[in-house]
Amino acid sequence: MKKIIIANWKLNPPTATKAISLAGAIERGIKKIRKAEAVIAPPSLYMRDVGRVLRRARLGAQNIFWEDSGAFTGEISASMLVSLGAQYVIIGHSERREYFHETDQEINGKIRRALKGGLSVVLCVGERDRSKEKFLQFVKQQILAGLKKIPRVYSKKIIIAYEPIWAIGTGDPVSPDDLYEMTLYIRRILFDLFGKKAAHTMRVVYGGSVSSKNAASFLSVEGVDGLLVGGASLDARDFVDIVRSASFL
Ligand code: PGA
């Protein structure tokens, strides 16, 4: 399976014009890279403009609401995202859990709605602190709660992003050995949830201080199918280099 590199632009860049030009530069850079997939998740306000520029890369969203319509001021539905050409949605990012107090139950509702709407889901999980011995249990609980009562048929459309909070935006990523262990652990949980085939074929990606310099070290870890990239996805050259390194593996 091709590796997948997902750009999470978060609350950047500051204008639509800059978003279009960043997307354009990334597109030009990845045009000839066939052996890796790229997804760009801009702020939702820019999705239409960015979507028009994308050819090779797929369009993703950073959030979604758990209902598809109604009196929910400020929210964005699966149908709206799909109508703008989105194919992926990031759900349960630690910044949303922290600043917007998203609960596992809400995250589960968002995942169900996204899958019903035909989107692929990138479920983010990860511990705040590794020194606490219970961190494995913490990650397990996030996955089980997020994927609660999701039928196995949807497993193909779910990507698990392991993003330890301490590694996000800190320049201090996980070590490849620890990533390997965590990937095995996550696949074990997926095995219990969805069975053997799904545990092998579902994508597990890593996020947290990924750069063009360290990307290959994570991508070459067995069982790691891609990366979720924050800061480095705002620099077209860095992001293209990361996609390129994924195409060599
Ligand atoms: P970072 O962010 O690459 O800037 O560490 C990753 C993320 O939050 O998805």
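Leaving aside its neighbours within four places in sequence, which residues is Trp 166 in contact with?

## Trp 166 and its contacts

This is a predicted model. In it, Trp 166 is in contact with Glu 127, Arg 128, Asp 129, Arg 130, Asp 172, Pro 173 and Val 174, once neighbours within four places in sequence are set aside. Trp 166 sits in the loop between strand E6 (158-162) and helix H7 (176-194).

Along the chain, Glu 127 and Trp 166 are 39 residues apart, and their C-alpha atoms are separated by 7.7 Å. Their side chains make a polar contact at 2.9 Å.

## The ligand and its surroundings

The ligand is surrounded by 13 residues. The closest are Lys 10, His 93, Glu 163, Gly 169 and Ser 209. Sorted by class, this shell has 4 nonpolar, 7 polar and 2 charged residues.

A polar side-chain atom of Lys 10 lies 2.7 Å from a ligand oxygen. In the side chain of His 93, an N or O atom is 2.7 Å from an oxygen atom of the ligand. Gly 230 takes part through its backbone, with a polar atom 2.9 Å from a ligand oxygen. Taken alone, the ligand exposes 280 Å², and the protein buries 95% of that.

## The loop between E1 and H1

Lys 10 also belongs to this loop, between E1 and H1. Most residues other than glycine have a negative phi, and most peptide bonds are trans.

A cis peptide bond is found here too. It joins Asn 12 and Pro 13, with omega at about -15 degrees. Pro 13 lies in the loop between strand E1 (3-8) and helix H1 (16-30).

## Helices H5 and H6

Two packed helices are described by the angle between their axes and the distance between the axes. For helix H5 (residues 104-116) and helix H6 (residues 135-146), the axes come within 8 Å and cross at roughly 45 degrees. H5 and H6 are therefore oblique to each other.

On the H5 side, the contact is made by Asp 104, Ile 107, Asn 108 and Ile 111. H6 contributes Gln 141, Gln 142, Ala 145 and Gly 146. By class, the contact of H5 with H6 has 3 nonpolar, 4 polar and 1 charged residues.

Technical notes
Residues are numbered from 1 along each chain as its sequence is written. This is a predicted model: local features need pLDDT of at least 70, side-chain atom pairs count only at pLDDT 80 or more; totals for chains, interfaces and linings use all residues. Side-chain values use heavy atoms; hydrogens and water are left out. A residue is near a molecule or strand if one of its heavy atoms lies within 4 Å of it. A polar contact is a pair of N or O atoms within 3.5 Å; within protein, one must be able to donate a hydrogen and the other to accept it, and residues adjacent in sequence count only if both atoms are side-chain atoms. Accessible areas come from the Shrake-Rupley method with a 1.4 Å probe; for residues, only the protein chains shown count as cover. Ala, Val, Leu, Ile, Met, Phe, Trp, Tyr, Cys and Pro count as nonpolar, Asp, Glu, Lys and Arg as charged, and the others, Gly among them, as polar. Axes are lines fitted to C-alpha atoms, for helices over the stretch in contact, and angles run from 0 to 180 degrees between N-to-C directions. Helices (H or I, at least four residues) and strands (E, at least two) are DSSP runs, numbered from the N terminus. Angles under 35 degrees count as roughly parallel, over 145 as roughly antiparallel, 65 to 115 as roughly perpendicular and the rest as oblique. Contact means heavy atoms within 4.5 Å.
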